[in-house]
Amino acid sequence: MKPSDVLAAQRYAKAYCLLDGKADVLLADLNAADAGLKNAPSLLNPTISKEVKKKFINEVFAANKNMANFLNLLIENKRLSMLSLIVREAQTIINKRLGITEISVTSAYELSEIEKENIKKAAVKFFNCNAASASFKEDKSLIGGILIKNEAVVIDASVAGGLERLKNILR
């Protein structure tokens, strides 16, 4: 993925999020369209004309003119293949609007549901936000502890990170 693709996706997501409607409904519609696109890969086929694609979109999204217009814009600008990336960027924009911070949590072992909830609660307090949306993954190289990241802050409470800091101090 090129940086220019991410920038374009951010712009389309920002424009989409300016549409009238509740944030959760806008996002649900966008996710539904993305899921539908994954089930209709022929819409990404460059040999199918824009007109045929737009006609299909207008029929499928007849009840949702905003979505039909948005998807038609993506078709017109040959950006429909970026829809998943646009969804991700829209989620980030809507989360910011709702006061939800997105965090990535890496742990040395699989966390229990209670531990995950406690981490999210601590993140809400630490980042002073309404809620935290978290993705969790494992990395045995951390040895123990956790690593929490959001777009601006990294909190390294891992054993590996502590050992690295100690090594740097002793140099």
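Biologist: Which helix holds D34?
Modeller: This is a predicted model, numbered from 1 along each chain as its sequence is written; local features need pLDDT of at least 70, side-chain atom pairs count only at pLDDT 80 or more, and totals for chains, interfaces and linings use all residues. Side-chain values use heavy atoms, without hydrogens or water. Helices (H or I, at least four residues) and strands (E, at least two) are DSSP runs, numbered from the N terminus. D34 sits within residues 23-39, helix α2.

Biologist: Is D34 buried or exposed?
Modeller: Buried means under 20% relative accessible area, exposed over 50%, and partly exposed in between (1.4 Å probe, protein chains only). D34 has 7% relative accessibility, so it counts as buried.

Biologist: Which side chain makes a polar contact with that of D34?
Modeller: Contact means heavy atoms within 4.5 Å. Not counting residues up to four places away in sequence, D34 touches L83, S84 and V87. A polar contact is a pair of N or O atoms within 3.5 Å; within protein, one must be able to donate a hydrogen and the other to accept it, and residues adjacent in sequence count only if both atoms are side-chain atoms. At 2.8 Å, the partner of D34 is S84.

Biologist: What does L83 contact beyond its neighbours within four places in sequence?
Modeller: L83 is among the core residues with the most contacts inside the core. Its partners are L30, A33, D34, L37, F70, L71 and L74.

Biologist: How far from the side chain of N130 is the backbone oxygen of L98?
Modeller: N130 lies in the loop between α6 (113-127) and β2 (131-138). Leaving aside neighbours within four places, N130 is in contact with L98, G99 and V124. N130 and G99 are 31 residues apart in sequence, yet 5.2 Å apart from C-alpha to C-alpha. From a polar atom of the N130 side chain to the L98 oxygen is 2.9 Å.

Biologist: What is phi at K78?
Modeller: K78 is in the loop between α4 and α5. At 66% relative accessibility, it is exposed. K78 is not a glycine, but its phi is positive, at about 55°.

Biologist: What is phi at I143?
Modeller: I143 is in the loop between β2 and β3 (145-149). At 57% relative accessibility, I143 is exposed. This residue is other than glycine, and its phi is positive, near 70°.

Definitions and conventions:
Core = buried A, V, L, I, M, F, W, Y, C linked by side-chain atoms within 4.5 Å.
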